[in-house]
Amino acid sequence: MLAKAIKQYFKDDPRIVIDDNEISRKYYHWGKNLLCFSHRFTKLDKAPVIMATEAPRMWADSITREVMTGHLHTQRAREHYSYYETAGVVVRILPSLSATDRWHFDSGFIGSARAAESHLYSFEEGYIGSHLSKVRN
């Protein structure tokens, strides 16, 4: 709903394009990068096969491939890393800025640090860095 509201707000600005398509996974190809954004990517270990099947042209034209998801509203790590790689695809589970609402409280999902992460990519070289911003309590 937020994307639809933002799209309406900027409807007369030709410099801004808002993708408000309601599919669960969105792919973007930029330079050598294939990026997948999904609020809830449930089959993370199958990310390479899913990406290659759903976006074959973008897959073939990329060397850096990443999935970013945030459904868990917390930074997650496999072993001791802030991301993990499976068959050449980096998977990042991103934190959330949202505060604990009633549903999260009742479900026991409390105490996660509120934060946002930005990631920087080179057109030719792929991922080059990130920045984490935390919300102060």
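Tutor: The protein chain has four helices and seven strands. This is a predicted model. Read from the N terminus, the elements run α-β-β-α-α-β-β-β-α-β-β. The protein chain has 137 residues, and 32% of them count as buried.

Now the sheet. Five strands make up an open sheet, in the order β1-β2-β3-β5-β4. The pairing in this sheet is mixed. Strands of a sheet pair through backbone hydrogen bonds, and the pairing can be parallel or antiparallel. Look at the edges next. β1 (26-30) stands at one edge and β4 (84-86) at the other. Each has a single partner strand, so one side of each has no neighbour in the sheet. From one strand to the next, the twist averages 25 degrees.

β1 and β2 pair in the antiparallel sense, over five bridges. Find K26 and look across to β2: its bridge partner there is F37.

Strand β2 covers residues 33-38, and strand β3 covers residues 64-69. These two pair in the parallel sense, over six bridges. Two positions let you follow the pairing. L35 has E66 in β3 as its bridge partner. C36 stands opposite V67 in β3. In a regular strand the side chains alternate between the two faces of the sheet.

How enclosed is β2? Five of its six residues are buried, so β2 is largely enclosed by the rest of the structure. Buried here means under 20% relative accessible area.

Strand β6 (residues 115-122) and strand β7 (residues 126-134) run antiparallel. Eight bridges join them. They form a hairpin with three residues between the strands. S122 has G126 in β7 as its bridge partner. Now find H119, which lies in strand β6. H119 has 17% relative accessibility, so it counts as buried. The side chain of H119 makes a polar contact of 2.9 Å with the side chain of E117.

Now turn to the start of the chain. Helix α1 spans residues 2-9, and L2 lies in it. L2 has a relative accessible area of 63%, so it is exposed. L2 also belongs to a nonpolar patch on the surface, together with I6, Y9 and F10. Together these residues have about 440 Å² of accessible area.

Charged pairs come next. The count comes to nine salt bridges. One of them joins K4 and E22, with the closest N and O atoms 3.4 Å apart. This pair links distant parts of the chain. K4 is in helix α1, while E22 is in the loop between α1 and β1, 18 residues apart. K4 is partly exposed, with a relative accessible area of 35%. E22 is exposed, at 68%.

Another salt bridge joins D12 and K11. Here the closest N and O atoms are 4.0 Å apart. D12 and K11 are both exposed.

D106 has 54% relative accessibility and counts as exposed. R102 has 67% and also counts as exposed. Elsewhere, salt bridges that share partners join K4, K7, D20 and E22 into one network.

Begin at β1, which stands at an edge. Step to β2, where five of the six residues are buried. Then cross to β3, which pairs with β2 in the parallel sense. Past β3, the order continues with β5 and then β4. β4 stands at an edge too, with a single partner strand.

Definitions and conventions:
Residues numbered from 1 in each chain as written. Predicted model: local features only at pLDDT ≥ 70, side-chain atom pairs only at ≥ 80, totals over all residues. Heavy atoms only, no water. Patch = residues over 30% accessible without salt bridge, like charges linked within 9 Å, V, L, I, M, F, W, Y side chains within 5 Å. Areas by Shrake-Rupley, 256 points an atom, 1.4 Å probe, with all protein chains shown as cover. Salt bridge = Lys/Arg side-chain N within 4 Å of Asp/Glu carboxyl O. Buried < 20%, exposed > 50% of the residue type's maximum accessible area, 1.4 Å probe, protein only. Pairing = 2+ DSSP bridges. Axes fitted to C-alpha atoms, helices over the stretch in contact; angles between N-to-C directions. Polar contact = N/O pair within 3.5 Å; in protein donor to acceptor, adjacent residues only side chain to side chain.
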